[in-house]
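Hi,

Here is the structure I said I would pass on. Have a look at it first, then read my notes below.

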Amino acid sequence: MSAGSSLKLALAAEGGSPEAARPGRTRARRPWGAMIAGAVFLIIVLGTVLAPLIAPYEPNQQNLRDMLEPPSGTHWFGTDVLGYDIFTRVLHGGGPPLLVGVSAVLVAMIIGVIAGIAAGSRGGWLDNLLGRIADIQMSIPGLILALLVLVLFGTNLQNVIIVIAIESWPLHFRVVRSHVQSVSQHTYVEASRLAGMGWRRTMIRHIAPSALPLLAVTGTVNFAGAVLTEASLSYLGMGVQPPTADWGVMISDGQTQLGAAWWISVFPGSALLALLLSTQVIGDYLADRFSVASD
Amino acid sequence: MVLQHPAPPATAAPPTPSPLTRRDVLRTTLRSPVTLRFVVTRVLAGIVAVWGAVSIVFLMIMATGNPAQVMASEEATQEEIDRIARLYGFDRPIFVQYLLFLRNLVTGEFPNSLYTDEPAFSVVLARVPATLLLSVTGVALGSVVGLLVGYWCATSRFRLARVVPMKLLMVLQSTPSFLLGLLLILFFAVTWKLLPTSGMGSWKNLVMPAVTLAAYVAPAVARLFRSTIREMEVEEHVATATAKGLRPRTVRRRHIAVNALGPVIALIGMQVGGILGGAVITEQVFAWPGVGQLLVNAVNTRDFPVALAGVILICVGFVVASLVVDLVVAIINPRSRA
Amino acid sequence: MEPLLQISGLEIDIPTRRGTVHAVRGLDLDIARGEIVGLVGESGSGKSMTAMAVVGLLPPAARITAGTISLGGRSIIDARHQDLQQVRRHDVGVVFQAPMKALNPRMMVGTQLREALLRAERPNLRAAMVRSLELLDAVGINRPMERLRQYPHELSGGLAQRVVIALALARHPRLLIADEPTTALDVSVQAQILDLLDHLRSTLDLAVLLVSHDLDVIRDRADRVNVINLGRIVERGPTLDVIDRPQHEYTQSLVAAMPSLARRRDLALVGLHRPSGAAAADGAGAGGTGDAPVADLDDGRPVDTPVDQDLVPIAEAIDVHKAFALPGGRLPWRPAHRRTAVEGVSVSIRPGESLGIVGESGSGKTTLARMLVGLAEPDSGEIRFDGRPVTALDREARTTWRRDVQFVFQDSTSALDPRRTVADSIGEPMLAAGVPATERHRRVVELLGEVGLAEHFGERRPRQLSGGQRQRVGIARALALDPRLIVADEPVSALDVSVQATVLNLLNRLRRRRNVAYAIISHDLGVISYLCTTVVVMYQGKVVDAGPVEQVLTEPSHDYTRMLLAAVPGARGRVAVPEVI
Amino acid sequence: GGDSGSTGTSGSSASSSSGSTGTADRDTVNIAIDPLLTLDPGVARGASTDLTIMSQIYSSLTRFNADSELVGDLATDWEQTSPTEWTFTLVEGATFVDGAPLDANTVVWNMERMLDESNALPGATGIDKIESVTAPDATTVVITTSSPFVDLPRRLSWIYFLDPTWAEANNPATAANPSGVYDLVSWSTDGVVELVRNENYYGEPAPIQYANYRVYANAATKLAALQAGELDAVATVAPIDVPQLESSGNITVIPVVSSGHHIIRFNLDHEATADVRVRQAINYAIDKQAITESLYQGLVEPLSTQLMGPGFSGYDEDRESWPYDPERARELLADAGYGNGLALEMAVPEVSNFVSASEASQIIAAQLSEVGITLKTQTIPGNIWAEYQRTKDTAPDMIYQGFGSSSISSTELLNFVQSAGIYTWGQVPAALDQAVIALQDAPDEATQLELIAEVTEILYDKALAVYLWPRPQVNAVANGLNWPGRADTYIRAYEMSWTA
Ligand SMILES: Nc1ncnc2c1ncn2[C@@H]1O[C@H](COP(=O)(O)OP(=O)(O)OP(=O)(O)O)[C@@H](O)[C@H]1O
Ligand SMILES: Nc1ncnc2c1ncn2[C@@H]1O[C@H](COP(=O)(O)OP(=O)(O)OP(=O)(O)O)[C@@H](O)[C@H]1O
Ligand SMILES: [Mg+2]
Ligand SMILES: [Mg+2]
């Protein structure tokens, strides 16, 4: 399924007014969910960064005598068909998803936000042009595009990042554009214009801040989509190349063994799940935090 | 100060309404959500999108490799490859090929599949029912579940009931679809033998792929719906509706939930568009012969007529989906009408 | 007689991050059948909270900590959901304060009305429509058929307010709670609405809780009046007794601050004299009203220096037209009809001049003002600044134009960025003009003081202000750059009379001292006569009457103007109110 | 074109539908197959996909039986009547299912269609030495070639015949008028291909009446379907999955010795791999035994140093496999000037036939790193990989490749090993080129054998390839299905039967 198209969920800002006050039914609770999620996220990031130090084995150390060992004291998460230690590789395997997720989202957001602001505030031909480009982008099935780009330019992490960023900028573009448009109709933006603010400063002062909650959501949705797309590409043999440890590759490596040596897929799968779940909880929390109702 | 055109006040029209005709009743109850301009600009934008997507895919397919090379048998010599290339015109500059392709597109002489010599569109159209069946079922299931859970989580009075279903859905969303699909197969088909593992046939074959797609649609729908409902709840018109004496349930449904549907519909529309061509992995895992797989194979074998016909159909599907979405959003949010 | 509504000892607290706001503290109030009871008081004094408490629609954060509310003998406070709903359905109609936001933006007016009707009254679509048309007609809406199929955002402020009133009356309630029901209405429509209430009161025994800051309205319509201050009733009694012979210090200052057509120009408005110790009662800086005592009161003499007719006007509109597309025809491809909002209007404002713009709701006043300041472009005609067409201004002249002409928005709430502090908003024009930070800060404090707000308000955000306070922030922002012309759209509509006096005095003083010119839109002829030298009367997009304020207001040349004058509250009984126009 | 009836995405409900357990229905066999491309014999490629279907619905002059012996199909007999002429005698009374005759004229028409350059049929590759095909009478076909063509009968084993009159009116790519052991019910490139026994077949009838080929793009699903009883036969499962399948109890696993080989081919145009010492070092550095024993569960043995397997002419039983000697590898590398390390790239296909190739190449990479070579492997989809190995400027240093000949012909097999060939060997030794070209025109078998031995020796001497192991061919079938399996990749339903 198109993890790629999950990027396309235009959380369409139309309609939802970001400055609507939230009901005060929950008042100043401690955000336990977000705190736990933050801790999980931190553990994953730290685990990945410190993997060379804390992993019990080398990630690419094969042991053909210890193939398909179930989880045990020596191999906490068992071993796979090459005798790789799954625990070690789960620690290392977060690298590509995190790298792809963070960089692709950054690139996509930069493109999407700039284009969205330009289109939403300038309107006219620029809006039309950017809008059509985004349409074109969105109507090319994501995996097809990935297939073509990766064949054309080679299968490496950098190209995977570029492909995912290209695929996901319309998400931010659409959300930011319609947000800018709807906020621009607000009288306080007119007031700012009358006060003599240039459009760029008006943008920074009045529109950008109110877009933060939306971007917190689109950013995390995009992150989840990017990570899943990375895994899907690995699954289709177009992502990270073995023997580099990568959760997506590990999951698909173990797929035929799911009924027997389940640990090959299930542990990296759980790690992926924990990462995505925690970022989404954090995203929801940030969206609440940035919204005007929170002060 | 200057003053011009002083006019007498118009004599007020008699306010008493004349007897209402059926037409009056209809006129005041129904109102077209869009103008012609809106529809025309949308259709034009759709055509541009299709053209752009097709051009990009065409140029990229041609740039990624000579189709003749893939068409030739494994044992073919270079001369044979060149001969195939000449026959199909693959030896010409890529831009010339592009212009020829565009001309053929406009004149309706769309090239046939390189392998089966069938009209490319009929190759793709043969798959459309399968794809529609799967994506519509999946998206419908996902949307319904997502809407129900979103509504439930936004309105339930119990904290656990608000949190637990949402978190469960988010777990689903965070599982790669191939893992989810395989786990479903493992349990429901292999272990419990309740459903067939794969392929197309009876409704039983549809269950697992549709659930896999739905698992991807539902969480996003639920989250968005929940948060828009929460934002809508505090709008002042809700107080008006309550003050009218409407039942709380009516208020929640008609004045909160329906108003909050706009962005959700937009989201669902996007997903239909994305899934039409993007359900490749689900199709692969469940051996479902849909457009997505066909397209990936066509790209891999450089069967560019089929690949392009697929892209065109998916684009059209996407454009139609977003048109429908815009219409629905225009109904829900009259201010967005152009 | 057993009172229909009885409130006793009501206390409402709103906990916030910075402490609890005691919105209502021990309020007693009762209304009998068929009685109109006024509730007047300063902005932020707890009027809306009281009203909402009666229908159980307080904001989620608000808590009723003490007191009882009983309606027709039934207690509201601990009523079950179903009972409360029955009360809302059968007994009470509510008119909310913000009419534009009170309508569901997704539904046509007709649908919302139909929904409000009793089931028995809408056996079918047609019957529902007939009844809806009756209701719209009753609240004085022209072309009701057209309105039925419009969406709320296509209505002007006044129209929306009348639709909300129609909704409230749809179920024949026994009690109507009307929170500022006529703020957005011009006097003639206001009169019509109030007449309608009077009529319903006498024929159907409707009881009305009329919340208003307009003492004239109260004086004309209410049988009894309650004066509320800082969440407490400070004076109550038969209307005429209270208003003509106020006992309580606060009431006295309220009455003195009224800009009334009857008393126009003769005397300076008197600023609010606060009851001593009132500020302390608000609970240390925890919200509350917190107005600074008005220090610098004007001597109050309006300026009457004649305006030099040879001066080049600062701003000028020459034969401007503006039309909006109406909802399209039945079919999407039918061209949309257009409604003309402004039709061939010419006005000019010279230095030192103060132009009043009055007119029916929906007559194009706001549209004209927006064109004057460049927020909208005329379809035809020309807007000039210092004698030059604005379309021909170069970059520099444009900057000057922006600096010299400032605008006060009709809707002060949405004119402030909810994320920015008050000081930020007021300082924005100065920031744009490159005023250094320290100077800016000094000036913001100064401006806050001038509109009667204490310095600490600078740190608040719009949501933490009452309607009147927001309006004053908007005015302060317009004053920030010492403009030559201020175009103000209903600048004091949300202000209670005492604060209104402060602001009006400030504007007058500026005009006298710095020769600032004004274009003021107001439906309050008292305000116009107090502040303006000339006045234009708009009717259906055209100017129908114009001239020096004395002349137009005393010898109106046009029927509409005459009618307007006749409908001014406080003038009741002097002129018969004509039929609906 | 576009004949209806034969294409379709939906499985027909007439035959056993998925979900039924295979053992219950002894009239039907459900077989897994890779995605198909076409029904046109002239376009078809790949014995494991298109040709599998075609070999059952169409007739050819000759075919290889389950024991890899060349037997007659439409031809009952054939002989080389002169060095450049072959005469085939056909069965009498063969027809297509619609009743049209299948005789010598049909064969002539089909051969001419194949050879017509303007049709550019990829299937014509390998028989282009044919000069003319004539039909002196209805059961005799005479084929003349431009030069001696000893392998002709073998090569004709995958030339299938259409009905000329039917082909005029229909698109042979999407529909069929069969004449073979099975008739075609429905067809789809990635759905289901349904076959039913052709009752009018001139040869031995198929034991099982219905054969459904189900397309699977995903290995895990395929295995799950087998375990769930929806499939009766899966060719080529990964040896590593064998214990898991065997443990389920209702599946039999059948290892077969395949005729195809897995090798690693060097690109001689690249600097490092152009050095024979580097190539030899790599050969020494790979411990094939360790891999076959672990990853392949001992189901295959390392190859001896020749490209042909048993059954091919010129196969030499005495050749041994290349010894594992990392010490020697290090010496050779140091000798070649790569004592401090060497970085190379290898392309590995992601194709169902290449079971565990990705894993094997990771082990190889690890083994090479022991001697100082950093091997970067790229596992890529089969089609892209196929392009890589033909496109000279993008080809990597090494390519993981399968080597085989569906006509079990050493001539055909070794023809790939030349500088002018389409595979990116780069500039091979001139002697090799000469021998390979001479082999193509060898007038008799003796000359053939001589040349084959020469080629084999040069290949070994110059270490032009790493001889890994035979293509691991492990078939899994439902208990009760008899299927000996084949050395090549055809998956023919008519070679299967249910035990009573
Ligand atoms: N949501 C809220 N959070 C905190 N304080 C609030 C909130 N709503 C109202 N208040 C405060 O409660 C007090 C009473 O408010 P209320 O709306 O009843 O005033 P009002 O008399 O209706 O004023 P106005 O004439 O401006 O409508 C004010 O001081 C106001 O600041
Ligand atoms: N954006 C718009 N779209 C359609 N019609 C509009 C729009 N803005 C204003 N109108 C219409 O133009 C007319 C004049 O509106 P305007 O806001 O100028 O009235 P106004 O005199 O300011 O009334 P009020 O006193 O109620 O504020 C009204 O009939 C209104 O419905
Ligand atoms: Mg209020
Ligand atoms: Mg207005």
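One definition before we start: a polar contact here is a pair of N or O atoms within 3.5 Å. Keep in mind too that this is a predicted model.

A backbone N or O atom of Gly364(C) sits 3.0 Å from one of the ligand's oxygen atoms, and for Ser363(C) a backbone N or O atom is 3.2 Å from an oxygen of ligand 2. Thr366(C) uses its side chain instead: an N or O atom there is 2.5 Å from an oxygen atom of ligand 2. On its own the ligand would expose 640 Å², and the protein buries 80% of that.

Which elements give two or more residues to the shell around ligand 2? They are α6 (157–169) and α11, both of chain C. The biggest share comes from α11(C), with 3 residues. In total, 15 residues surround the ligand, and the closest are Ser361(C), Gly362(C), Lys365(C), Thr366(C) and Thr367(C). By type, the shell splits into 10 polar, 3 charged and 2 nonpolar residues.

Thr366(C) turns up again at the metal. The magnesium ion (ligand 4) is coordinated by OG1 of Thr366(C) and OE1 of Gln410(C), at 1.9 to 2.4 Å. Thr366(C) belongs to helix α11 (residues 365–373) of chain C, while Gln410(C) is in the loop between β16 (405–408) and α13 (422–432) of that chain, so the pair ties together parts that are 44 residues apart in sequence.

Are these two residues buried, exposed or partly exposed? Thr366(C) has 26% relative accessibility, so it counts as partly exposed. Gln410(C) also counts as partly exposed, because its relative accessibility is 36%.

Now over to chain A. It has 12 helices and 0 strands, so to speak a plain run of α after α when you read along the sequence. Of its 295 residues, 62% count as buried.

UniProt, in an unreviewed entry, lists residues 94–283 of chain A as "domain: ABC transmembrane type-1". In the model that span is 83% helix and 0% strand.

Cheers

Definitions and conventions. Residues numbered from 1 in each chain as written. Chains lettered and ligands numbered in written order. Predicted model: local features only at pLDDT ≥ 70, side-chain atom pairs only at ≥ 80, totals over all residues. Heavy atoms only, no water. UniProt positions renumbered as here; feature names shortened; annotations may be inferred. Helix = DSSP H or I, 4+ residues; strand = E, 2+ residues; numbered from the N terminus. Donors = N, O, S within 2.8 Å, 3.2 Å for Na, K, Ca; no water. Buried < 20%, exposed > 50% of the residue type's maximum accessible area, 1.4 Å probe, protein only. Near = heavy atom within 4 Å. Polar contact = N/O pair within 3.5 Å; in protein donor to acceptor, adjacent residues only side chain to side chain. Areas by Shrake-Rupley, 256 points an atom, 1.4 Å probe, with all protein chains shown as cover. Nonpolar A, V, L, I, M, F, W, Y, C, P; charged D, E, K, R; others polar.
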